[in-house]
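Subject: Structure handover

Hello,

Here is the structure I promised to pass on. Please open it alongside this note; what I found follows below.

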Amino acid sequence: MPDEPFLREQAREAIRSGKLPARQQDRTWGGPGVGARCAVCGKPVAKDEMEMEVQFAHDGDSPGLDKFHLHVRCFAAREFERRHA
């Protein structure tokens, strides 16, 4: 797993590019990985790793729920960058 400054840069870029919302998530879940790609580093979160799932509700023309899977360290980097953006 990359070091913290690199993860923070990846999280910053994911927020800056709009890949991840800059606002606080509506829900956060944690549990074993499901093999989904991490929204920060792009690597799968393996079933033997813990993952965080962040969810963002949205209204408008197509209401729904956007879900993103993150490694625990990638989640921490995203939270740090979101709060300091």
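**Cysteines, a histidine and an aromatic pair**

Start with C41. Its sulfur has its closest cysteine sulfur in C38, 3.9 Å away, which is too far for a bond. Bear in mind that this is a predicted model.

A disulfide needs the two sulfurs within 2.5 Å. The count of disulfides is therefore 0.

Are these cysteines buried or exposed? C38 is buried, with a relative accessibility of 2%. C41 is buried as well, at 15%.

H69 sits in strand β3, residues 64-71. Its relative accessibility is 18%, so H69 counts as buried; the cut-off is under 20%.

Next, the aromatics. The structure has 1 aromatic pair. The partners are F56 and F68, with ring centres 5.8 Å apart and planes at 70°, so the arrangement is edge-to-face. F56 belongs to strand β2 (residues 50-58) and F68 to strand β3, so the pair ties together parts 12 residues apart in sequence. Both F56 and F68 are buried.

Best wishes

Notes. Residues are numbered from 1 along each chain as its sequence is written. This is a predicted model: local features need pLDDT of at least 70, side-chain atom pairs count only at pLDDT 80 or more; totals for chains, interfaces and linings use all residues. Side-chain values use heavy atoms; hydrogens and water are left out. Buried means under 20% relative accessible area, exposed over 50%, partly exposed in between (1.4 Å probe, protein chains only). Helices (H or I, at least four residues) and strands (E, at least two) are DSSP runs, numbered from the N terminus. Rings of Phe, Tyr and Trp (its six-membered ring) pair if their centres lie within 6.5 Å; planes under 30 degrees apart count as stacked, over 60 as edge-to-face and the rest as tilted.
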